[in-house]
Amino acid sequence: MSTPLLKNRASLTHKLGYAVRNPARIAPYVKRTARDTWLRLKHPDHVAYYRAVMASDTSRNPEAAVGSRSHERWLALGEMQFDYLVEHGLTPGHRMLDIGCGNLRAGWRFIAHLDAGNYYGIDISPDILIAAKRTLTSYELQHKLPHLTITQDLTLEFLPSAHFDVVHAHSVFSHSPIHVIDECLAHVGRILAPGGFFDFTFDRTEGAEHQVLREDFYYRTETLLRLAGKHGLQARFMEDWETRPHGQSKIRVTNPA
């Protein structure tokens with residue numbers, strides 16, 4: 001397991017120390033703060049707010065909008081997600097739901113791997129889904145008939161019961177307040193097929209839970225394990241994910257047998 005993360009990025013002490021160590025990042029941070037303050041005033045609802053954030057980021061660079069500093073990093077992060085699930089048994093015959101599919105950073109690999117029609121990608125951002133369709137076209141995967149759908153929430157009410165063998169949410173809960181995570185965990189069990197699982201990543205802290213600019217949220221592992229248990233789900237921390245070169249941690253959720 002990686003070293004526990006104790007720092008509180010929302011604290012004034014951390015912000016001042018970070019500014020001293022990284023003076024070149026002060027101006028971009030101030031600009032981001034101003035933008036987010038304006039968007040928060042204009043869109044007090046979190047989904048509407050984050051949809052506006054994604055529209056702003058995607059207009060500049062769709063790959064950067066999903067957290068990739070370069071095209072090489074975009075490819076590497078997608079490959080990491082894909083390899084992990086294949087190692088954990090993802091087969092072409094499985095039906096997969098990719099929550100927060102973005103511009104198909106990992107999704108295009110899943111689509112290529114799965115049988116036609118077996119990939120379902122959902123996202124709150126219409127702008128990033130337009131970019132996803134461009135990715136699909138660039139990799140010539142139209143014949144795989146993936147489902148790409150915009151959603152307003154994570155109640156998943158439009159999806160069939162006991163249908164998905166794998167549900168996947170990479171870097172979604174790291175941008176979600178606790179009520180959004182709770183909503184997803186309250187409903188994901190219904191759509192999981194027998195023996196299916198739900199993997200999600202999150203920004204882990206072993207100190208005080210906190211958020212930065214209402215975009216980045218840091219949770220204790222125990223908080224999310226308890227939340228899953230509240231909804232009758234079994235959840236475990238995925239130790240083997242910690243060896244991957246990625247800053248987030250992973251939890252796997254299943255329905256009790």
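Which residues do ring pairs link into a cluster? They are Phe173, Phe198, Phe200 and Phe202, where rings of Phe, Tyr and Trp (its six-membered ring) pair if their centres lie within 6.5 Å. The model is predicted, with local features requiring pLDDT of at least 70 and side-chain atom pairs counted only at pLDDT 80 or more, while totals for chains, interfaces and linings use all residues. Residues are numbered from 1 along each chain as its sequence is written, and side-chain values use heavy atoms, leaving out hydrogens and water.

**Overall composition**

- The protein contains nine helices and nine strands; helices (H or I, at least four residues) and strands (E, at least two) are DSSP runs numbered from the N terminus.
- Of its 257 residues, 50% count as buried, a term that means under 20% relative accessible area, with exposed over 50% and partly exposed in between (1.4 Å probe, protein chains only).
- Among contacts in the protein with a separation of 6 or more, 71% are between residues 24 or more positions apart; contact means heavy atoms within 4.5 Å.

**Aromatic pairs**

- The count of aromatic pairs comes to nine.
- Planes under 30 degrees apart count as stacked, over 60 as edge-to-face and the rest as tilted.
- The ring centres of phenylalanine 173 and phenylalanine 198 are 6.1 Å apart and the planes stand at 85°, so this pair is edge-to-face.
- This pair joins distant parts of the chain, 25 residues apart: phenylalanine 173 is in the loop between strand 4 (164-169) and helix 8, and phenylalanine 198 is in strand 5 (residues 192-204).
- Phenylalanine 173 and phenylalanine 198 are both buried.
- Phenylalanine 173 also forms a tilted pair with phenylalanine 200, at 4.8 Å centre to centre and with 50° between the planes.
- Here too distant parts of the chain are linked, since phenylalanine 200 is in strand 5, and the two residues are 27 residues apart.
- Both phenylalanine 173 and phenylalanine 200 are buried.

**Helix 8 and helix 9**

- Helix 8 (residues 178-191) packs with helix 9 (residues 221-230) at an angle of about 40°, and their axes are 9 Å apart.
- Axes are lines fitted to C-alpha atoms, for helices over the stretch in contact, and angles run from 0 to 180 degrees between N-to-C directions.
- The two helices are therefore oblique to each other (angles under 35 degrees count as roughly parallel, over 145 as roughly antiparallel, 65 to 115 as roughly perpendicular and the rest as oblique).
- Ile178, Ile181, Asp182 and Leu185 of helix 8 make the contact with Thr223, Leu224, Leu227, Ala228 and Lys230 of helix 9.
- By class, this contact has six nonpolar, one polar and two charged residues; Ala, Val, Leu, Ile, Met, Phe, Trp, Tyr, Cys and Pro count as nonpolar, Asp, Glu, Lys and Arg as charged, and the others, Gly among them, as polar.

**Valine 188**

- Valine 188 lies in helix 8 and, at 0% relative accessibility, counts as buried.
- Leaving aside neighbours within four places in sequence, valine 188 is in contact with Leu156, Val167, Phe198 and Leu233.
- The C-alpha atoms of valine 188 and valine 253 are separated by 9.2 Å, although the residues are 65 residues apart along the chain.

**Helix 3 and helix 7**

- Helix 3 (residues 46-60) and helix 7 (residues 126-138) pack at about 45°, with axes 7 Å apart, and are therefore oblique to each other.
- Their contact is made by Arg51, Met54, Ala55 and Thr58 of helix 3 and Pro126, Asp127, Ile128 and Ala131 of helix 7.
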